[in-house]
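Work through the exercises below with the structure open beside you. Try each task before you read its solution.

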Amino acid sequence: ISFIAGSFEVTPKALSVSGLTVADKVYDGTTTASISAVGNLVGKVVADDVSYVQTGAAFVDKNAGVGKTVTVSGIGLTGADAGNYSISSTVTTTADITVKALTLSGFTAANKVYDGLTTATISNAGSLTGVVGSEDVSFANGSATFGDKNVALGKTVTMAGLSLNGADASNYSIASTATTTADITAK
């Protein structure tokens, strides 16, 4: 029996991450994502001192949607035994971006003299409150009506048929009606 000298290589054991989750968020115009549960390393030897860190997480795009892909990046290993392991620098998961609710502010209706009708005239259609930055979103208003045809001060006027338009409209929601007050004076 003879011995022949040689060498061998011990390769690092590959680990993975399980249970990592990202928080859902309301649309904010960014792809930034937040880790809600860091998860666990899968495959490490129980007694070894090794854990993982990550530097960021980002949605695939900024738009609202359900089950959107999120990439967690900058994954690395730390601890006294980290050199014995390897791990992918990214992992993907999913989370939701829900639409952002907008409100209509500044909507006013004109006072009118009694005419036997509930029809109201919009004197100022107002503006959207809550739009992120200078995104392309506007609203279309519908018709406005008094609650009834009778003379009174401070009567409720409802604008119905509100909807959103523009390239970024799908990232937002708005109530289909808005209210203000106006007067119907005696004829």
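This is a predicted model: local features need pLDDT of at least 70, side-chain atom pairs count only at pLDDT 80 or more; totals for chains, interfaces and linings use all residues.

Residues are numbered from 1 along each chain as its sequence is written, and side-chain values use heavy atoms, with hydrogens and water left out.

**Exercise 1.** Find where Asp168 sits, and decide whether Asp168 is buried or exposed.

*Solution.* Asp168 lies in the loop between strand 21 (163–165) and strand 22 (172–174). Strands are DSSP runs of E, at least two residues long, numbered from the N terminus. Next, check accessibility. Asp168 has a relative accessible area of 13%. Buried means under 20%, exposed over 50%, and partly exposed in between, using a 1.4 Å probe and protein chains only. Asp168 is therefore buried. Now list its contacts (heavy atoms within 4.5 Å). Setting aside residues up to four places away in sequence, Asp168 touches Lys62, Glu135 and Asp136. Last, look at Asp136: its backbone nitrogen is 2.9 Å from a polar side-chain atom of Asp168.

**Exercise 2.** Describe the surroundings of Thr180.

*Solution.* Thr180 belongs to strand 23 (residues 177–185). Its relative accessibility is 17%, so Thr180 counts as buried. A polar atom of the Thr180 side chain lies 3.3 Å from the backbone oxygen of Phe107. Beyond four places in sequence, the contacts of Thr180 include Phe107, Thr108 and Ala109. Lys155, Thr156 and Val157 are also among them.

**Exercise 3.** Trace the pairing of strand 20.

*Solution.* Two strands pair if DSSP finds at least two bridges between them. Take strand 19 (residues 144–146) and strand 20 (residues 152–160): they pair antiparallel over three bridges. They form a hairpin, with five residues between them. Phe146 stands opposite Val157 of strand 20. Now turn to strand 23. Strand 20 and strand 23 run antiparallel, joined by seven bridges. There, Lys155 has Ala182 of strand 23 as its bridge partner.

**Exercise 4.** Which residues of the largest nonpolar core touch the most other members?

*Solution.* A nonpolar core is a set of buried Ala, Val, Leu, Ile, Met, Phe, Trp, Tyr and Cys residues joined through side-chain atoms within 4.5 Å. The largest one has 38 residues. Val70, Leu104, Leu128, Val137, Val157 and Leu164 touch the most other members. Strand 23 gives the most to this core, with three residues. Finish with Val137. Apart from residues up to four places away in sequence, Val137 touches several residues, including Leu102, Leu128, Val131 and Leu164.

Technical notes. Helices (H or I, at least four residues) and strands (E, at least two) are DSSP runs, numbered from the N terminus. A polar contact is a pair of N or O atoms within 3.5 Å; within protein, one must be able to donate a hydrogen and the other to accept it, and residues adjacent in sequence count only if both atoms are side-chain atoms.
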